[in-house]
Amino acid sequence: MPSLLEVTTQFFLQVAVILVACRLLWPLFRRLGQVQVVAIMAAGFVLGPSVLGAIWPAAQEWLFPTTLAVGTETITHPNLTAIYVVGQLGLVLYMFLVGASFKLDILRSHLGKAGATSAAGIGVPLLLGGVLGAWMVSQGDYFTSKVGTWQGGLFVAAAVAITAFPMLAWIIYDSGLLNTRLGTMSLSCAAVDDACAWVLLATVIATTKDSMSGAALALGGGLAYLIFMIVVGRRLLLRLNTWVPRSGDREHSGGLAVGPLTVVLLVVLLASWFTDYVGIYSVFGAFVAGTVMPRGQLLDTIRERFEPLVAYLLLPAFFIYSGLNTELSLIFEPKVLLVAVIVMVVSFAGKFGAIGLVARWQGMGWREAGAMGALANARGLMELILLNIGLGAGLITGQLYTILALMTMVTTFVATPVMRMFERSGWKEGVVFGPTGEEPLPKEESRTPEKVVDISRAQVADGPP
């Protein structure tokens, strides 16, 4: 058993390697029109058994050990546990920052459209994913023996229906869509769809344990938390903007009052703990905590100070943990590869078609509707969370984990280029995505098609939302 010093020493090296890998991959992905979070996600797979493990297995196993032999037993390696915990902390703080950036005023003005597109974005993929999942159970090899046909259908339905609003928020920020109707409605749909997916996952886990109390607790506890934060929490937190610091309250804070900062961190951590406890999971609690925080100088300062640390140091650990559980060699069997292709087609087409068509029916322009359908396929972060939970609960096999992880990479990778295709089409016609929808491009900002492509690529920035 390694000592605490050995675990710490190895962890420092692991974090350094993760940072180097992310920075080396970013220029390549930037040239491909991607945002930086996609490069970070890819780094997790590159450092796992699928790439580094295939090229240099001894180095990969030494650098990122996953198990440890203790006598006659095999346990999880302490360094893998450390990576998991750090990744979860980064995930929670990042979700809080996403919620703190959420544009509630734009959402209120387009609540009807957001509701209709959310319903389509969850309904159609659920139906398609449910049928696909039930079929996969009958094929064997993808689910464990504790999973029945309808439970497997629900799991794949949740995997197909989910959209990663942390990933989506980064894409929207980097693409300059944060203050637009497209960006706000896309995040709104992702929040609703993800909440539904978590309830479905809680139902699957509860029923495999012969108990529906877990699903009831997830649904009831999640609704109670949401109502409390909107009705009570928001009012209490307003006092943060009128906080009068005492003597010494700004010590060691770089100008950020320690008292309010402590309160904000406590709210985020307790919210994450509660939603984890009831089964909706910490990401939902942290996001809601961010949305109800009072806007002002305090929140702006917290975002400015926390974003680089969270996005570039803590969050990459989560992607590494996911990458260590993915082995692409498992899908090279023709039958499994065919299933992987079917899953990718159903996943992308279900989201893109349902949201795009309903958004167009709701009165959005065809470019904006198409871009919204494309963005809904950014599954990266939330999909990997779902897969890790399913694997940890003993519901899915390594083959299904790898299939869905590959689907996550592919659909997330194509989301931004397809969105930019619709965006460039609008720019060529003198139209941009704005707070009210598709708006005329100011004459002084008119651009030729060639400049549109250059500026569109230049919009990919380094910062998170």
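Is E438 buried, partly exposed or exposed? With a relative accessible area of 27%, E438 is partly exposed, and the salt bridge that its side chain makes with R367 is taken up again below. The structure discussed here is a predicted model, in which the chain has 19 helices and four strands. Of the 465 residues of the chain, 56% count as buried, and the accessible surface comes to about 19700 Å².

**The chain as a whole**

- Carbon and sulfur atoms hold 67% of the accessible surface of the chain, which comes to about 19700 Å² in total.
- When contacts with a separation of 6 or more are considered, residues 24 or more positions apart account for 80% of them.

**The start of the chain**

- M1 lies in the segment before helix 1, and it is exposed, its relative accessible area being 69%.
- Along the chain M1 and L68 are 67 residues apart, yet the model places their C-alpha atoms at a separation of 7.8 Å.
- Once the neighbours within four places in sequence are left aside, M1 is in contact with L68, V70, I75 and P78.

**Helix 1 and helix 14**

- Helix 1, which covers residues 4-31, and helix 14, which covers residues 297-324, have axes that come within 10 Å and cross at roughly 90 degrees.
- The two helices, helix 1 and helix 14, are therefore roughly perpendicular to each other.
- On the side of helix 1 the contact is made by V15, I18, L19 and C22, while helix 14 contributes Y312, L313, P316 and I320.

**Salt bridges**

- The count of salt bridges in the model comes to four, and three of these are described here, beginning with the pair E307 and R303, whose side chains meet at 3.5 Å, N to O.
- E307 and R303 both lie in helix 14, where they are four residues apart, or about one turn of the helix, and both residues are buried.
- The side chains of R367 and E438 also meet in a salt bridge, with a distance of 3.7 Å from N to O.
- Because R367 lies in helix 16 and E438 in strand 4 (residues 437-440), this pair ties together parts that are 71 residues apart in sequence.

- S347 lies in helix 15 and counts as buried, because its relative accessibility is 0%.
- Leaving out the neighbours within four places in sequence, the residues in contact with S347 are V160, N377, R379 and M407.
- G363 is found in the loop between helix 15 (334-361) and helix 16 (366-375), and this glycine is exposed, with a relative accessible area of 53%.
- Although G363 and G437 are 74 residues apart in sequence, they are 9.6 Å apart in space when the distance is taken from C-alpha to C-alpha.

- L219, L223, I227, F228, I230, V231, V232 and L236 together make a nonpolar surface patch of about 710 Å².
- One of these residues, L219, lies in helix 11, which runs over residues 213-237, and L219 is partly exposed, with a relative accessible area of 45%.

Conventions: Residues numbered from 1 in each chain as written. Predicted model: local features only at pLDDT ≥ 70, side-chain atom pairs only at ≥ 80, totals over all residues. Heavy atoms only, no water. Patch = residues over 30% accessible without salt bridge, like charges linked within 9 Å, V, L, I, M, F, W, Y side chains within 5 Å. Areas by Shrake-Rupley, 256 points an atom, 1.4 Å probe, with all protein chains shown as cover. Buried < 20%, exposed > 50% of the residue type's maximum accessible area, 1.4 Å probe, protein only. Axes fitted to C-alpha atoms, helices over the stretch in contact; angles between N-to-C directions. Parallel < 35°, antiparallel > 145°, perpendicular 65-115°, else oblique. Contact = heavy atoms within 4.5 Å.
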